[in-house]
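Subject: Structure handover

Hello,

Here is the structure I promised to pass on. Please open it alongside this message.

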Amino acid sequence: MDQLRVVGGARLEGRLEAAGSKNAVLPLMAACLLTDEPLVLTHVPRLRDVETMGRILSCLGVEVAQEGDRLTLQAQSDGSVKAPYDLVSTMRASVCVLGPLIARRGAAQVSMPGGCVFGVRPVDLHVKGLNALGAEIRIEGGYLASEVGRRLQGAALFLGSRAGSSVLATAQVLSAAVLAEGRTEIENAAMEPEITELCRCLLSMGARISGLGGHRLVVDGVKTLHGAEHRVGGDRVEAGTFLTAAAMTAGDVTVEGVEPESLTAALEMLVAMGAEITQGPNWVRCRAHGRLGAADLTTLPFPGFPTDLQAQFMAALTVSEGISVVTERIFPDRFMHVAELLRLGARISKEGAQAIVHGAPSLSGAIVMASDLRASAALVLAGLVAEGETEVRRVYHIDRGYERIDERFASLGAEIHRETQPDLEQTASVC
Ligand code: UD1
């Protein structure tokens, strides 16, 4: 099992290009099921989650061909409709195949994705939305199953979760409504840039959607969609991670290939903490001089502060001057990184869905355990400023969503190495 060894203290400096967005590419891949013509995606990141989605699509009779960052997906109209537990349970976004399968093949059997380390993560809104279109979804043996055998029907529906909107439920309903008969109106649709990107790709496949970027999406169903080519946009979470690292290390980093408007809330936080941000149409530069200051943050649906950057910003606040309050409104249990940050000497107390961070003058390197994708990134960031060496174990979490994170941080001057963790049984025998 790989681990990352980070030696703290280096100042990050330089430029890099954002990789293709993980959260955008997964529902885009699922959209290939809506046509039997090829869907070509370019600027596809090399990630474990992309591989997993490719394997699920293969099970569903999709020909998957990858050449560099170009992915060609060609579905047959009559392939299998079963997405098995062993694959779906490793990645929640795989539930995105449900809507396209029902819309195009009239049936689906998709394993329930299950919970994850930061909570229960229900799929009730996915079910509610598809049922509104006439999908009649049942839960059977842990699978979401449907055999409608006829075209879905457009409907007006409200997709509201306790936290506001839902990103993947919006993607799910959208990707079914495009082939439904008549008009679908999705109220309280998620406004995340990844949804707008999905709309753009569906439009280029022949779908009819209006209201892009807003809370109300209107879809006029068409009978068939055709193939298309789509370039995956830059990953705003990855970009935000590198920019935060620049601020923490009093560095100077420019990330290209990302729209600054997709990161407004995070950039404002960096400014509030004392960093200097400059930006152009497709790039952001973050510079900082000296220690950052404290700031309070609350995660919210887009355009609010993204929950996917909460852990990374908390890492920055652990070494900022003053006291900060971090409130998690999307996933109230998403604080797995707190215990590991404490091992590095951070001073954090947790109260329900809030963490109070007392900024410490420094952290001290230690062995820490990655628990989920973004939490692992936070541990790497903390390692970059901790005194001495930090070993981040179980980095397979990070490889799910960050492309070659070690090489990319190293290109900015970080001292970071990937190692294969010694076999624990052998280690035990010498203890
Ligand atoms: C997506 C992102 C994830 C991000 C999250 C919130 C992908 C692949 N993943 O996940 O990285 O952290 O958005 O920005 O794009 N909810 C329900 N019922 C549902 C669905 C969701 O109650 O059926 C709740 C969730 O528990 C949560 C809130 O809605 O409290 C928002 O979650 P949601 O936007 O659905 O997250 P995902 O789309 O799963």
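Predicted model: local features only at pLDDT ≥ 70, side-chain atom pairs only at ≥ 80, totals over all residues.

**Domains**

**Where the domains meet**

Domain 1 puts 26 residues in contact with 22 residues of domain 2. Interface size is often expressed as the accessible area that is lost when parts come together. Here the two domains bury about 1,900 Å² between them. Carbon and sulfur atoms account for 53% of that area. Three residues stand out on the domain 1 side: F302, R400 and E403. Together they supply 30% of the area that domain 1 buries against domain 2, more than any other three residues.

What kinds of polar link join the domains? Nine residue pairs are in polar contact between domain 1 and domain 2, counting pairs with both residues at pLDDT 80 or more. Two elements give two or more residues each to the domain 1 side: α12 (373–385) and α13 (396–399). By class, that side has 12 charged, 10 nonpolar and four polar residues. The count of salt bridges between the domains is two. As for salt bridges in the model, look at R236 and E194. Their side chains meet at 2.8 Å, N to O.

**The ligand**

Which residues lie closest to the ligand? They are D124, S166, V167, D308 and I330, out of 21 residues that surround the ligand.

- D124: an N or O atom of its side chain is 2.7 Å from a nitrogen atom of the ligand.
- R92: a polar side-chain atom lies 2.9 Å from an oxygen atom of the ligand.
- P122: a polar backbone atom is 3.3 Å from an oxygen atom of the ligand.

**Salt bridges**

The count of salt bridges comes to 25. One of them pairs E256 with R15, with the closest N and O atoms 2.7 Å apart.

**Two backbone details**

Most peptide bonds are trans, and most residues other than glycine have a negative phi. Two places here depart from that. The peptide bond from F302 to P303 is cis, with omega near 10°. P303 is in the loop between β18 (297–298) and α10 (310–318). F302 also belongs to the trio named above for the area buried against domain 2. N188 is found in the loop between β11 (183–187) and α7 (193–204).

Best wishes

Notes
Residues numbered from 1 in each chain as written. Heavy atoms only, no water. Contact = heavy atoms within 4.5 Å. Buried area = accessible area lost by both parts, 1.4 Å probe. Salt bridge = Lys/Arg side-chain N within 4 Å of Asp/Glu carboxyl O. Polar contact = N/O pair within 3.5 Å; in protein donor to acceptor, adjacent residues only side chain to side chain. Helix = DSSP H or I, 4+ residues; strand = E, 2+ residues; numbered from the N terminus. Nonpolar A, V, L, I, M, F, W, Y, C, P; charged D, E, K, R; others polar. Near = heavy atom within 4 Å.
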